[in-house]
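Subject: Model handover

Hi,

My notes on what turned up follow below it.

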Amino acid sequence: MPKAATRQKPASKATKTSGNGTGEKPDTVDKSQVTDFVDVEKATAEYNDRRESQLESIKKTDKKVLREMLYQMVLGRFFEEKCAEVYRTGEIGGFCHLYIGQEAIAVGSMMALEPTDMVITSYRDHVQAMIKGITPEGVMAELYGKEGGCVKGKGGSMHMFSKEHEFYGGHGIVGGQIGVGTGMAYAAKYKGSGQVTLCFFGEAAVNQGIFHESLNMAQLWKLPCIYICENNQYGMGTSQKRAMSISSVAKKGDGYGIANEFVDGMDVMAVREATQRAIDRARNESLPTLLEIRAYRFMGHSMSDPGNYRTRDEIVKYQTRDPIVLFKDSLDEAGVFSKKDFERIEQEAAEAVEKAVKFAEESPIPAESELFTDVYA
Amino acid sequence: MAVLTIRDALNQALREEILRDENVFVMGEEVAEYDGAYKVTRGLWKEFGDKRVVDTPITELGFAAVGVGAAMAGLRPVIEFMTWNFSVLAADQIINHAAKMLYMSGGQFKVPIVFRGPNGSAYQVSSQHSQAFEAFYANFPGLKVVMPSTAADAKGLLKSAIRDDNPIIFLEQERMYGMKSEVPEDEDFTIPLGVADVKREGTDCTIVARSMTVPLALQAAEQIEKEFDVSVEVIDPRTIKPLDIDTIVKSVKKTNRLVIAEESHAFASVGTEISHQVMDKAFDYLDAPVKLLSTAEAPMPYAKNLEALALPSVEGIVGAVKEVCYL
């Protein structure tokens with residue numbers, strides 16, 4: 001385990017220091033915290049500090065796992081780039097939220113799961129859906145509104161589901177899935193199934209009441225739920241700085257006595273290891289964890305985003321920390337894969353995306369009778 | 001047949017379903033150690049313990065969501081709202097999540113959940129605690145809406161609701177919890193959802209009533225029969241969605257007159273929906289315009305006299321029947 005891969009704070013300590021009257025400074029926005037909102041240099045320095053242990057950790061990891069991690073990240077990137085392309089030509093309608101820049105979060109965390117574990121996420125769900133086992137064809141055909149889509153053309157971009165793969169959906173109401181995920185974990189504990197629930201949401205969802213209601217119940221009832229805040233720093237066009245009174249999402253776990261960690265979301269190995277710790281806590285102690293995984297959304301909130309709320313410079317600055325580039329550099333330096341391996345992985349991903357598009361194009365539109373099926377069980 | 005209060009009939013239904021299916025559990029505010037705010041869950045926690053009867057924090061959105069997630073993952077939660085007024089805090093989970101899940105997952109994820117509790121007015125509890133929500137929830141495809149008016153219906157319908165694979169809005173009435181009537185003793189006694197019941201047969205005028213207005217309509221029918229020799233049929237749909245419109249239309253074709261009595265406000269209500277459907281299906285059979293009696297178009301006042309004035313009454317129903325019968 002690489003040292004200082006994350007800024008970890010155990011729950012026991014957290015509960016002791018939370019609350020008033022501890023002599024600590026009140027946790028309101030001050031300058032030192034504000035700079036933390038967008039601080040690429042600091043993140044780079046921390047990353048460089050733990051680089052050696054990260055490389056060691058890569059060397060210790062099964063090569064097949066590493067390959068799958070990189071493949072899923074590249075597939076996710078290529079898939080979303082293709083979505084942007086075909087959205088512009090009108091093949092995809094409605095809302096379409098892309099995952100570009102956040103791949104390390106879904107891949108790092110979900111690759112630590114067992115297949116029987118449950119996952120639920122927000123409307124930015126294409127990549128999570130594919131990692132959980134829905135085929136790129138199933139996701140792309142859904143985006144095309146076709147019969148071959150994973151939910152038969154009834155959900156679209158925001159609502160991918162697979163009961164077979166324990167993927168409980170993409171959900172369109174900001175924060176709504178945090179409560180549903182809590183219920184899934186409740187069911188796992190009730191049944192004694194040993195399943196862990198990964199529940200993804202953006203940092204803007206943290207301002208919704210359901211986040212707080214869920215965390216309270218999860219710790220109160222000791223539910224095996226891992227809350228993953230994908231902090232991409234913007235809730236639509238509103239920066240976290242303009243929407244949240246404190247800068248740390250992880251710290252909010254202290255208010256409920258929930259173990260929490262801040263994780264560099266551009267470092268897929270750090271994400272995987274932090275999630276593994278949370279999974280152990282969930283499976284062995286039936287306790288929840290809140291992970292704040294900080295990344296950056298390279299694209300707009302959705303395809304209709306004018307992008308006038310942030311500068312080009314800011315995006316470029318973050319792109320120097322592209323999670324795929326960082327991971328490839330580390331794999332290269334650790335000597336795990338050759339240039340040819342990388343090329344092959346990229347080629348496979350590109351082919352999978354082309355195959356998905358072809359399938360989506362050829363899949364028939366849903367029959368009109370489908371309008372009224374699945375309204376009631 | 002045993003004679004039970006509606007409260008005890010509901011309690012029996014819960015108890016029998018908890019015993020029948022290990023995936024059934026009851027969750028809500030004060031349902032366990034306190035025995036239920038209105039004692040519907042009395043004794044269940046003592047008998048079944050923490051796993052099957054679960055007290056929650058006051059966190060309606062939160063525990064409604066836990067119910068939805070648990071139902072998706074294979075359990076059959078019965079979620080109690082202390083009153084339906086508080087369900088508004090949880091409406092996101094009921095309307096945006098539970099009602100849509102089966103459809104937007106392409107038929108993959110069922111949400112077998114019952115949301116239940118008292119609906120409508122109580123005794124001088126004023127504006128925020130006296131609302132009737134049947135029209136609100138019935139408007140959304142994916143939800144079923146149930147409103148019993150007798151002990152037997154309460155028990156039989158709640159058991160069917162718990163066994164149903166869809167999200168169910170089960171609306172009780174605080175003023176009716178103590179009302180007694182006969183209930184079959186068979187543990188497998190259920191009443192199917194979507195089937196209306198003719199509570200009183202008649203030939204001259206139909207009253208469609210539900211929940212609290214059913215006993216009022218029955219009283220009104222007796223009074224009219226005595227005073228005017230007019231034979232009134234009283235129909236209780238029992239399930240608002242799916243609505244058994246056929247039973248209502250059949251009755252209207254016989255009586256040619258329709259009065260609808262309801263505890264909700266009139267605007268865009270279940271009553272206006274029934275009125276529309278009857279117009280659509282039995283226009284030529286109506287000998288008078290459909291008369292609708294609802295709660296006054298104002299928030300519920302506290303003062304006893306104003307509260308009584310706001311609500312449908314026996315006198316009001318008698319007046320409405322006289323009007324459609326041109327008496």
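Two strands count as paired if DSSP finds at least two bridges between them. Keep in mind that this is a predicted model.

Sheet in chain B

Strand β4 (residues 76-80) and strand β5 (residues 114-118) of chain B run parallel and are joined by three bridges. That clears the cut-off of at least two bridges, so they pair. B:Ile79 stands opposite B:Phe115 in β5(B). Both strands belong to an open sheet of seven strands in chain B, ordered β3-β2-β4-β5-β7-β6-β12. The pairing is mixed. β3 (53-55) and β12 (239-241) are the edge strands, each pairing on one side only. On average, neighbouring strands are turned by 20 degrees against each other, direction ignored. Helix α3(B) lies across β2 (24-28) and β4 of chain B. Its angle to β4(B) is about 165 degrees.

Contact with chain A

How many residues of chain B are in contact with chain A? There are 32, and they meet 34 residues of chain A. On the chain B side, α3 (60-72), α4 (91-98) and α5 (101-104) each supply at least two residues. α3(B) gives the most, with nine. The chain B side divides into 14 nonpolar, 14 polar and four charged residues.

In α12 (residues 314-324) of chain B, the buried residues are B:Ile317, B:Val318, B:Ala320, B:Val321 and B:Val324. They fall within an arc of 160 degrees seen down the axis, so they line one face of the helix. Their cover includes β10 (205-209), α8 (213-228), β11 (232-236), β13 (258-265) and β14 (291-295) of chain B. The largest nonpolar core has 211 residues. B:Ile317 and B:Val321 are among the members that touch the most others, a group that also includes A:Ile226. Leaving out residues up to four places away in sequence, B:Val321 touches B:Cys205, B:Ile207, B:Ala220, B:Ile224, B:Val230, B:Val232 and B:Val259. Just after α12(B), B:Tyr326 takes a positive phi of about 55 degrees.

One residue in β1

B:Thr5 lies in strand β1 (residues 2-5) of chain B. Sequence neighbours up to four places away aside, B:Thr5 touches B:Ala151, B:Tyr177, B:Gly178, B:Met179 and B:Lys180. The C-alpha atoms of B:Thr5 and B:Pro192 are separated by 21 Å.

Best wishes

Note on methods. Residues numbered from 1 in each chain as written. Chains lettered and ligands numbered in written order. Predicted model: local features only at pLDDT ≥ 70, side-chain atom pairs only at ≥ 80, totals over all residues. Buried ≥ 20, exposed ≤ 12 C-beta atoms within 10 Å, placed from the backbone. Helix = DSSP H or I, 4+ residues; strand = E, 2+ residues; numbered from the N terminus. Arc of directions from axis to C-beta. Contact = placed C-beta atoms within 7 Å. Core = buried A, V, L, I, M, F, W, Y, C linked by C-beta atoms within 7 Å. Nonpolar A, V, L, I, M, F, W, Y, C, P; charged D, E, K, R; others polar. Axes fitted to C-alpha atoms, helices over the stretch in contact; angles between N-to-C directions.
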